[in-house]
Amino acid sequence: MNVWRRPLFLAFLTLLVFVSVWYHWMGEEGTAGKMLSGQQVSGQKPWRQPAGCAGRIEEIQVKTSGNVLVLTDVDLTDTISNERIPCKKILIFQSQNKNLFDESKPGNQLYIKGTYTAFARAGNPGEFDERIYYSGYGIDGKLFADSVTVTDSRCDWFRCILDSFRQQAAERLFALMREDDAGMLCAMLLGEKAYLPEEEKEMYQRTGIGHMLVISGLHISLLAAGLFYFLRSYVMPMKGAVVVTAAFLFLYGQFTGFQVAAVRAILMTSCSLFARYTGRSYDPLSALSLSGILTILWEPAQLFQCGFILSYTAIGGILLFAPVLEKSRKKGGIWQSFLFSASVFVVTMPVMLWFYYEICPYSVLANVLVLPFLSLLVGVGAAGCMLSFLWPSGGAFLLASVHYIFEFYEAVCRVVLSLPMSRVVTGRPPVWCLIIYYAVLVSAVCLYLKWEECLWIYAGAALLFLSCLLFRPQIRFMYAQLDVGQGDCACLFYGNKTILIDGGSSSESDVGKYKIQKFLSYYGRDRVDLIFVSHSDDDHTNGVVELVENQKKWGISVGGVVLPDINKKEDGYEALVSLFSRFQTPVYRMKKGDRFCEGELKILCLHPFPEYEWKSANDYSLTLDIAYRNIRILSAGDLEEDGEQAAGPVKGPYDLLKVGHHGSKTSSSPQFLRETAPVHAVISAGRGNRYGHPAPVTIERLEQERACIWNTMEQGAVFLRWKPEGGQISSFLE
């Protein structure tokens, strides 16, 4: 296949380069909807602000927490300053009243009062970036509605019919099937992800078959092929079947919300149908390029979405390996099926590592086992759903067979996940590694096609796979204060050792799953050697509890937990000890004067001592002096003034002070700051927290000591890395 003779492919490559360079050089200002996102960092305007919004309903999304409106043609105004907020498209959530949107229909013009906020930026490496995700759909922010007024009741009747039919189809599936089965079939056929069971979703994703739970290109191809064959064979001539099938594809895309993979498949399949209609040959590479060009021109930010990259990389890999697959036909269907699955896996593996930081090496086997049943699952599921409108008993009979296919899929997932090394955490690979990988991969395919019998080609490909699989970032020493909202969590990397100091939040739900675990996976860490827990408050421990409870599920083991050694213990302390014992996690106790040493890393406990009579649990916080070569760090937990006096005198200076109690006015006394003499001070607090952290008086005290102040709520995670010339400090959002 001579790619250079395909003008559409060359145009697609040119567009990819142009959009990438544009976004790189323009940065924040070069992307849609970033004007307001910047408010979260600059602090010049409120993070949340009362606003009035006029617009037209483009879409109504079904969520478990209530319907969400997608408003377009938006006129958004700050109700306090009357300043117009630039915005083209916005999400509308219900604040309190769950029935606020019951009468809303697509096409209605609304005026809404509520609280506006820009989408959150990821505060830590590896964390989901809400802003980037929604920018790929042209959505600029979200508003939590307090009141809704319909200013024009005219609706989009076509969209209303589709939405009504989709809702009725979902209701029939739930009426005729088990709840979990109906939820998965709703996602596969109707594009309704709200009903997707969380446990099954995670299981499929970890096994590498998560693509089956969305409207993927494979689903579209199966439906189109089945419909075209039926129409061509039994109903109408070929050209009529082409027109009807193409019309059905676009109708189905509108029906399911035009997801990225579905758009690609619809455009490519339409090109194939058009080629058949006109009697011309079909070139899949040109069709792929055309669909990519149209998608990026419609929404350029899609280029940076995982779904877009995975979809186009997978099809590109199939086209790359097409000559190899053609040669394998003589070796049998099973071998060809294995090669097909392996080719997709090999090509998409770097993308998976870039976005998810881990892979399942057995996903090739899982796909070989489940893909042959997908056409049956989609066909029977669609037929049963349609038949249920005319003959409920007949539809129920067909849908009953779907349960056994799902049971088989679940069994495959459980077997695969029970195998050794079913989850390999590698971290995010550097860009140069991805470039080398794809360059060698393309070269290996070309060499194979020329010298098929050369064993060194297979050996080279296997070596390439293992080199990327085993690659992990090498860090000599790094201290990271994570952005966990109103809470506390620090991570310390020393060679291949990983240490956590606290891990919890009172403002972020599932902080262990969505922040701490993602951070560890981003850096390729599948083991936490020690967790130092300063005290038992939830905003320091609930993420730690998540890690300990989900060690097998997340594939991150915990070597042990260190608690302060005190005689007087409260209920929260005892509950933690009981939980760690239940999960067979070793518990160690540390008191003033105790040391933990690992090579050049030394951690000295400054507080508390067993006899310390604390009044507040904050005051027995484990206070740690961390030293590595010429770097010194002081971690003070939630230490308040009484605890600071008991810990003293503390001999500074320190390169970095983790300010006690989120910058509360009851912590960081002038005497304590004079003793510690911090060069840098980092405050872990959540934006808009109800405690007013950090207190202005604490900021004033730190400024008087001439400390450079870092705040996770404004700057995201803060890093201190060792360099030969000394510590190098930076933040994630800089």
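A residue is taken as buried when its relative accessible area is under 20%. By this criterion, helix α20 of the predicted model is mostly covered, with 10 of its 12 residues buried. The helix comprises residues 511–522 and reaches 15 Å from its first C-alpha to its last, close to the 16 Å expected at 1.5 Å a residue. The buried positions are V511, G512 and K513, then K515, I516 and Q517, and finally F519, L520, S521 and Y522. Just after α20, G524 adopts a positive phi of about 70°.

An open sheet of 8 strands is present, in which the strands follow the order β16-β15-β13-β11-β10-β9-β24-β25 and the pairing is mixed. Its edges are formed by β16 (587–590) and β25 (726–731), each of which pairs on one side only. Neighbouring strands of the sheet are turned by 20° against each other on average, with direction ignored. Within this arrangement, strand β13 (residues 530–532) and strand β15 (residues 561–564) run parallel and are joined by 2 bridges. F532 stands opposite V562 of β15.

Two helices that pack on this sheet may be described in turn. Helix α21 (residues 538–549) touches β10 (487–494), β11 (497–505) and β13, and its direction makes about 125° with that of β11. Helix α23 (residues 571–582) also packs on the sheet, where β15 and β16 are the strands touched. The direction of α23 makes about 160° with that of β15.

Strand pairing was also examined around β1. Strand β1 (residues 48–61) pairs in the antiparallel sense with strand β5 (residues 109–118) over 9 bridges, and C53 stands opposite I112 in β5. Strand β1 is likewise joined by 9 bridges to strand β2 (residues 68–78), and these two strands run antiparallel. In this pairing, the bridge partner of I60 is L69 in β2. In a regular strand, side chains alternate between the two faces of the sheet. The strands β1 and β2 form a hairpin with 6 residues between them. In the turn of this hairpin, G66 has a positive phi of about 125°.

How values were computed: Residues numbered from 1 in each chain as written. Predicted model: local features only at pLDDT ≥ 70, side-chain atom pairs only at ≥ 80, totals over all residues. Heavy atoms only, no water. Helix = DSSP H or I, 4+ residues; strand = E, 2+ residues; numbered from the N terminus. Expected span 1.5 Å × (residues − 1). Buried < 20%, exposed > 50% of the residue type's maximum accessible area, 1.4 Å probe, protein only. Pairing = 2+ DSSP bridges. Axes fitted to C-alpha atoms, helices over the stretch in contact; angles between N-to-C directions. Contact = heavy atoms within 4.5 Å.
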